[in-house]
Amino acid sequence: MVRIKIVLLIFGLAVTRALGPDLELNPANELDARDYQRLNKLRHLSEEFVNFSENITLADLVPEGRLPTAQDLQCYAEFAQLTAGLVSGSLWAFRMIDSWGSIPAGILKGHLKDLGHYDECVGIEQTIASTYTIQGKYCLANLPLQQLLGGGGGGGGGMMFSVQSAVCFPASCSATNMDTLLRRVLQQLVGLQLDSNQNLVSANTCKTSEREALDWVTIFTIVLLSIFAAAVALTTLYDYFLCEDQTKVPAIIKIFSARANSRALFRVTTKPNPNVIECLHGIRCMSLIWVCYGHDYMIGLTSPNINLYDAYAWAKTPFMDVIYEGVFAVDTFFFISGLLVAMVPLRAMERAKGKLNIPLMYLHRYLRLTPIVAVSILAYLKLLPLMADGPLFGNWNFDNYDNCNDNWYWTLLYIQNYAADKECLAHTWYLAIDMQLYIIAPILLIIVYKFGKKGAAVVLLFMLGLAAYLFSIMVVNGHSLINMGGGGEGGGGSSVDLSHATHLRASGWLVGFLFGFFLHSVRGKSFKLNRPTVWLGWITSLALLFTCIFAMYPYGPGMSNTISNLSEAFYVSLSRIAWPLGLSWVVFACMQGYGGLANSFLTSPLWQPLSRLSFCVYMGHLFIQNLNGGRTRVNTYFSNYDIMLRFWQDFGFSVIFAYVMYILIEAPCGGLEGLLLPNRRPAPPQPKIQPAETAPEVPETSPIDLEKQAPQPIAPSEEGATAPPLETKVALPANDSNEINGST
């Protein structure tokens, strides 16, 4: 399984670390004359291939010890046509050679990939006869410079790297044919004899212009989205042109109308409300941005950069830890989720005399999340390959979406972090943990409701016990998050998944739950703190947050220092508690008026629309990043500024994509759920005379409406942030507690 913390950085840095990043600084790595001459012969590999192709034989295309097949014979025939085309000056033949890559300039700076010209190669379609056409096949060949340069007398043998260069052959030729032919070329050109187990061309890097026919799942996905789009379009037109009085719009129209849902989505409020934790909007959105920004660094690090070795220098900077420790954005969402799961249900339980409709809680939660998750699986698996193409498209993703063919049902059951070795949509691991914690939430709610502080002490002991368990397995088994495959000083540890297991990641959620219980217990109270106390609170909070981010800086991937397994176990187990504790003060200070500039920033009304969209942004941002990254056709440059440019491009389109998904899927499905389950709140004791308009306090939301709360008191005709207005619904105030919004 892909681990979010490792996926942000190690994937790229492990490459640069193995590449010998101090090439320029170590004289022993300089090339001597013979090394350089051998390298120079491959600078124009395509020209050498043209000369070699004049005398090509069938034996040059077929591996030793294997009899020629019909496919080998067809490949040989098309090569004969290619050779004849080169001799006669046919444009299509020269285009096939012209699209080749070369040995990149600047390989000692980390320029290790030349993508050639992808579109020129796959665009070749030459009719030879009325029923016979030659097409181009694009592949990436791994050229073993380590062995090539090791043949000289200099330091080339210490240079542990290879480069990739584009090659173009007739489409009937397999990757094995290309691999065999390139071996012959290298052997004749520079006398290089390669091991039979070393592949130059892999089939998974090869592409042609042909596309597979749409299967029934793809057709179903397109039809399903088309039906929703048609419903949204028709109801929006009806709402816009035929409904002059918006207070009398039929419920079914409000459910699908893009006009009504957009109005609810973009509505902001600046009026203070004691029942709303306004700063959670900003915290959620900033954490979402942190996640998307970190993922863009992974894209940048694994792109065909011309300066890959600069990434190693970047890894030694403190800013690297801001990206590397983006995992704490996940703990932020766990904290918010636990906080709201405690506060809102406890209010409802008080009003209902301790009653809690647990089955309806679970049903609402499942129906709240699953439509977007299900559509995301279909979109990633079936629509993403249809959206674009490129030399890296499909071979370079955050996840192998083919896993969805075997494991999609585990994702829809939210147990993929335990049930599947390979997850469908790796970024949904957070939803699995959050759902599993939500399932045990009623037990904890009943404990703290019935036993108060004693019940909270039980939850605290439970949290400390899980932290102690994490600490013990790291120490005893030598597990490590920093030393991949090694455990501390001895290096004999093992690498296991310490991030996706619920029992190992519950600390942040439980701290949020306890803090939510505290806020529920002191609701309505105002704390008068003197200035030294406020300063002490902020200093302690910031110290906890910055320690979590930068404590491992001396032991990061770019550093030579090592940390003992015991010390790392202390850090991992305690940081997952320290981070939400630091956030607890931030929320408390903002609520009590001690937030200052932080409160002004986090409570800005501008965060509210993005906060409501954050679930769709999270589910769709990897779709956009994979789409844009896979379309890459030229080399890129790695720097913080270039990654920032990439981020704003990807994030902007992710927000647009999220808005479309919200209008088409999330809001309509939420509205339909509300229409089918109109009475989701436990019935409170009914006073003799107390209409809703004259209630002494703002009505409170039930635990099964956690995700539906709006960031302000809502009129009866204006439902919460993630559902369209319904006339049958009552006013629901309180926080926009869409915990999964902004999940990571």
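## Burial and overall make-up

Of the 744 residues of the protein, 57% count as buried, and this holds for a model that is predicted. The protein has 27 helices and 4 strands, and it exposes about 30,800 Å², of which carbon and sulfur atoms supply 62%.

The contacts can also be sorted by how far apart the partners stand in sequence. Among contacts in the protein with a separation of 6 or more, 80% are accounted for by residues 24 or more positions apart.

The 4 strands form an open sheet in which the order is 1-4-3-2, and the pairing is mixed. Strand 1 (113–114) and strand 2 (125–129) stand at the edges, and because each has a single partner strand, one side of each is left without a neighbour in the sheet. Strand 3 (residues 132–143) and strand 4 (residues 163–170) run antiparallel and are joined by 8 bridges.

## Gln164 in strand 4

Gln164 has its place in strand 4, where it is the bridge partner of Asn142. Its relative accessibility is 15%, and since buried means under 20%, Gln164 counts as buried.

Leaving aside neighbours within four places in sequence, Gln164 is in contact with Leu112, Lys113 and Asp114, and also with Leu140, Ala141 and Asn142. With one of these residues, Lys113, there is a polar contact, in which the side chains of Gln164 and Lys113 come to 3.1 Å.

## Helix 15

Helix 15 covers residues 328–351, and at 1.5 Å a residue its 24 residues should span 34 Å; the C-alpha atoms at its ends are 35 Å apart, which agrees with that expectation. Of these 24 residues, 22 are buried, so the helix is largely enclosed by the rest of the structure. In an α-helix there are 3.6 residues a turn, so residues three or four places apart point the same way. Just after helix 15, Lys353 takes a positive phi of about 55 degrees.

## Gln592 in helix 24

Gln592 lies in helix 24, which comprises residues 565–592. Although Gln592 and Ser526 are 66 residues apart in sequence, their C-alpha atoms are 6.7 Å apart in space.

When residues up to four places away in sequence are not counted, Gln592 touches Lys525, Ser526 and Phe527. For Phe527 the atoms involved can be named in part, as the side chain of Gln592 reaches the backbone nitrogen of Phe527 at 3.1 Å.

Key:
Residues numbered from 1 in each chain as written. Predicted model: local features only at pLDDT ≥ 70, side-chain atom pairs only at ≥ 80, totals over all residues. Heavy atoms only, no water. Helix = DSSP H or I, 4+ residues; strand = E, 2+ residues; numbered from the N terminus. Expected span 1.5 Å × (residues − 1). Buried < 20%, exposed > 50% of the residue type's maximum accessible area, 1.4 Å probe, protein only. Pairing = 2+ DSSP bridges. Polar contact = N/O pair within 3.5 Å; in protein donor to acceptor, adjacent residues only side chain to side chain. Contact = heavy atoms within 4.5 Å. Areas by Shrake-Rupley, 256 points an atom, 1.4 Å probe, with all protein chains shown as cover.
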